[in-house]
Each structure stands twice: as structure tokens, then as C-alpha cells.
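This report describes selected residues and sheets of one structure. Please keep the sequence and the model in view while reading.

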Amino acid sequence: MLMACKSIQKHFGVDPVLKDITFQMNEKDKAAVVGVNGAGKTTLFKILTGELTADRGELFRSKDSTLGYLAQNMNILGENTIFAEMLTVFTSLQNLESEIRTMELAMGTATGSTLEKMMAQYAALQHSFEEQNGYGYQSQIRGVLKGLGFSEEEFDQPIYQLSGGQKTRVALGKLLLIQPSILLLDEPTNHLDIAAIEWLENFLRSYPGAILIISHDRFFLDQIVKKVIDIENGKSAVYEGNYSFFAKHKEINREIQLKQFLDQQKGIKRQEQVIEKLRSFNREKSIKRAESREKLLEKVERLEKPEEISAKMKLHLTPRLTSGQDVLHVENMAKSFDGCPLFEQVSFDIKKQEKIALLGPNGIGKTTLFRILMGQIPSDCGITRFGSNVKIGYYDQEQQNLSLEKTIIEEISDTYPTLTQTVIRNTLAAFLFTGDDVFKPISALSGGEKGRVSLAKLMLSGSNLLFLDEPTNHLDMYSKEILEDALNQYEGTILYISHDRYFINRTATKILELSPTGMTQYIGDYSYYVEKKQQSSLIVEATQSKADEDTGSTKEEWLRKKEDQAKEKRRQTQIERIEADIGKTEKKIKDIDDLLCLQEVYSDPLKAQEAYDEKSRLETDLEELYTNWDQLQQE
């Protein structure tokens, strides 16, 4: 066990936030904390980190455990670049590397026993450096940064120039490199595109420590967690399984608990009626029987009524007009900014009642495409043609369509001046704005509340073509489910941008993938899209592998041929050199024979001996030359 909570309670003023939180985390546990917005999930994390103190209850953590915490918006300060900031994780390793370099210099001038002692220390330092991945930590940093969506060009960008989302990604990268034994991650997929989320999933699945995650990304949770801690009305319940398992069994458990409670209440009421009837007879026997039944009834362990599910939005989207079958035609659209192309050759068609997800990495131009289709900015070229009776409704993830100076009710009234106050208030109540809530200024609302106001405006628009830019941002899981159901029942047409793969799986009938060179269409949901992408990737890999084999085979053959040619050239050169040496040696031997025929030589024993010795040496050399020449001829 690494950590455990027992009966944790927390109040803010007189309002209880957490009433009874109990769970434990073991080594390598991967768990999620779920609940509606405001359930106290982030408060629990702050208690676990020591930032807040629980009012009651016990918190245990093993002595040797380390804890890392990623908040939703991390504000990293300083002058460091992104890469330099990541290097701070490995300060001790860098110090060790400097010590090794210093010792190398010192060893250059050391001698004798001093050198031997230094060599032993050097070997120990080298071993420690290798054990701590000293030769690979910079590659590890690059891998994490690229996985989280940073390009090589951004590595040298100063931290102070980054957006809040980029700073949060840097903080997440540092945590993943530190590898604490317990990771607390509060909405880690915020600010990540789908490719980065999938990378993070793979990383966390193989993470050696325990992980506790708060996330509204249900697909993400399904891929990672094996335990769900559900916080509802301040109390916790633990489910051993992924998010889908939890969602299914929570509903089953609630139905069972409610049935058991209602059955017991019926039985109790029936017993009370019998007791009352017996007492009404006013006879000794009947009174004794009534008292006996009362005692039995007192011993019954009363079941608590299951907690009521929090109020939910009531979302019904209904188009006022029916569009034609052909809703939108786009042909060869292109867009660039300051001469830098964003995308080109974008062509696609949208038909009536299609539910289409627009996918692509961050920065590819998905929101720009929406703005072009909305007529807010022009395209560089191409054709855009809407069908008959098409009325567009737009949901903006930045909520820029809301006036911050207005109240909620003013925002709706000014947008739809023909609606009565009763209709407006009923609509806002369906989105959980009741009583004086409707007079709150837009500027004072949370991201989730602004999202609900935008959805209320969208519901009243009566549009038959919806452009939705990240509609599930800031919504809790239950609100997402309501939105999914509403979109599935919607009789109009939808084109939306989303990183929520669970949401895409539940709502999309078609996927459009935007790239710099065009648009690719997939007829199906997100799982189908992933399957087709994997198949395409395998085909590309197989084709590339075959091409590499063919190229490799041709290249090897060419290299082998060139090597053979070079070898033959070397052999001929050696033969020619040896033949030249043989000719020179034979000439020298002949000159010595001629010398020995001279009287002044053969009559002088000393000169004659020197000539014979020289001739013997040359004959030995000649024999060796002939042997080498023969060997080369046989190669």
C-alpha cells in the first residue's frame, strides 16, 4: 500500500464538500476519481498533497513514497527554455557528469598509486552514471517533449513566452521524467491533441508507479484505469474496473439499492398498518401481538434511501426548418497566413442528418475552416456552397459569442427578442440556471457555466446545421452524456471538432481528417477511424519494407560489385609491382654474376665473399617475390 484515505471530511464554512472519502492506492494501481463538477475531486487532491487539511479522517502514505501533482493550470516561471527546464529534472546527473569530466582531466597528469586510486573512483562514477541513464536522459527528454506535442523548433523557446496550456504540458513532461511513486493528474489531457493523448496513454499504461487521475475524458480513462473512485454527494464508492465498467455497474447498483429501499419501505408501512389495526381492537391479545410486531420492527436494519442524482440538463435540439439533402459542398479550398500555407486542396460533401467529426492535430486549421464556412474570414481559393434552407448554429469553444458585460438572461433575451420571459426562464432552468442565477453576469461564470449558456442559445436557435467547436470542454461526464443523447436524436446535420474520443464514438457517423494537403473521409465512428488508420499504416510499412528490401538488395549488389572491382584492381596493381620488383632483383643478380667474372673480384677473397652474400640475399628475396606472385595469380 502506498496511500490510503479513511473517512476524510472537508467543509468550506458550513457547507460540507467531502463527507466520507475512503479508498487506498497500492503499488502500480491506475485509478480515476470521478464525479460531477463541484463534487470535490480537486479538493481531495489538494488534501492528498497537503495543500489543504482535512477536517476529519485519516490520511496514510508509505514512508518511502514520493508524490507528484499536476494541477489543471500550472504556471511555470523563469527564463529557462523548454529543454533547459526539463534538464532541471536531471541536475544531479549533470553534476555527476561534470565530476567525471573533471576527473578525466586530473587523471591526465596523475601517476603511480594516485592514478590507480583515481581510476577506481572514475570506474565507480562511470558505473553510477550509466545506471542512471546518463547517456540517454537527453534522448528521454526529447521523446517526452515530442510525445506531448512540442516540435524540435520549440525546444529553445523561453518558458515566459508560452501559453498557459503549453506551460501545463511542460509541467506534465517534468513529472513524467521525475517518475514519482504516486502521480496525481488533474485533467492531464487538457491542451493535448489526440496524437499526444494516445502517446500519454501508452506512457501511463507502462508507468512503474501508481496513478490517480481526474479526467472527463472517458475514452482516456478506459485505456488506463483499473479502478474508479466515484464521489457523489460527498461520499466515495470504489469500483474495480475501467470507466465503462463503472458506468454500467453504478446504474445497476443504484437500481438495486432503490428497489431494495422501496421494497423495505413497503414492508415497513404494511407492518405499521397491521400494528395500528391490532391496537384498534383494544384487546389484550391483540395489543400483545401489536407490541411483539413493534419490537421486531425496531430490530429491522433500515436501508438508507439512495442519494438523488444531481440535477441534469434537459437538452432538446430541434431544427425549425428541414434542409435539402445536399447540405454543404466544399471544393479545393486553401488557406494561408502571411504566405505560410495552412491547408490546401480541401474538398468534402455533407449530407442531411450526418453527424461528422472533424479531426486533425492542433494547429492544422480546424477552427480556421469553421470560420471560413461561417463567413468570418475568406479562403484563398475554392468553392463553398450550402444547400437549400440551411440555417447554421455555431458553438464556440472560446465562448467569444457571449457578451461579458451582460447577465445570463440579457444574453438570451437580446439574442432572441421575440421570446417571452417565461420561455427564456424555462430554457435556462433546463440548463440548471434557476432563481437569481439568471441575473449573474457572464463575466462571473466558470468555463462550464459559459458552455451551458452557449448550449442554451444553440437550443433556441432552431438551426439545422450545427458547427460545434469542442462542445464537451468544461462539461462533466453526466452533462456530456446528455449532450450525446441530444445530438443523436437531433434531426439536423452536425459538423464538430472534438478531442473527446468517447464522445466521437457515441455520436459520429463519419470522420473527416484534415491535413495540410487535403481532407480524408472515413465512414464510421472513432474506433473505425483508428482501425482504418492502422490498416493504412501497416500497408505503408509493408510497401516501404518491400521497397527497402528491393533497394537494399540492389544497393548491396552494387556495393558488392564495386568492392569486387576494387579488389581486382588492387590485385592487378600488386602483381604489376611484384613483377617490376622481380625484374629489378633478377637484374641485380645478373650484375653480381658479371661482377664475379672479373679477376679483381674473384681473386680477392673478401670482395668475392661480399658479392656471394649479396647474391644469396637477392635470391632469397626473389624466391619470396615469386611465391607472392603465384598466390596473387591464383586469387
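Helices (H or I, at least four residues) and strands (E, at least two) are DSSP runs, numbered from the N terminus.

**Basis of the report**

The model is predicted: local features need pLDDT of at least 70 and side-chain atom pairs count only at pLDDT 80 or more, while totals for chains, interfaces and linings use all residues. Residues are numbered from 1 along each chain as its sequence is written, and side-chain values use heavy atoms, with hydrogens and water left out.

**A196 in helix α7**

Helix α7 spans residues 194-205 and includes A196. Because its relative accessibility is 2%, A196 counts as buried; the term means under 20% relative accessible area, with exposed being over 50% and partly exposed in between (1.4 Å probe, protein chains only).

Beyond its neighbours within four places in sequence, A196 is in contact (heavy atoms within 4.5 Å) with G147, L148 and G149. A196 and P361 are separated by 165 residues in sequence, yet their C-alpha atoms are 8.9 Å apart.

**D186 in strand β6**

D186 belongs to strand β6, residues 182-186.

The side chains of D186 and T42 are joined by a polar contact of 2.9 Å. Such a contact is a pair of N or O atoms within 3.5 Å; within protein, one must be able to donate a hydrogen and the other to accept it, and residues adjacent in sequence count only if both atoms are side-chain atoms. Not counting residues up to four places away in sequence, D186 touches T42, F45, Y69, L70, A71, Q72 and I214.

**The three-stranded sheet**

Strands β11-β10-β13, in that order, form an open sheet with antiparallel pairing; two strands pair if DSSP finds at least two bridges between them. β11 (340-351) and β13 (381-386) are at the edges with a single partner strand each, so one side of each has no neighbour in the sheet.

Strand β10 (residues 326-337) is joined to β13 by five bridges, and H329 stands opposite R385 in β13. Helix α11 (residues 366-373) lies across β10, β11 and β13 and runs at about 120° to β10; axes are lines fitted to C-alpha atoms, for helices over the stretch in contact, and angles run from 0 to 180 degrees between N-to-C directions.
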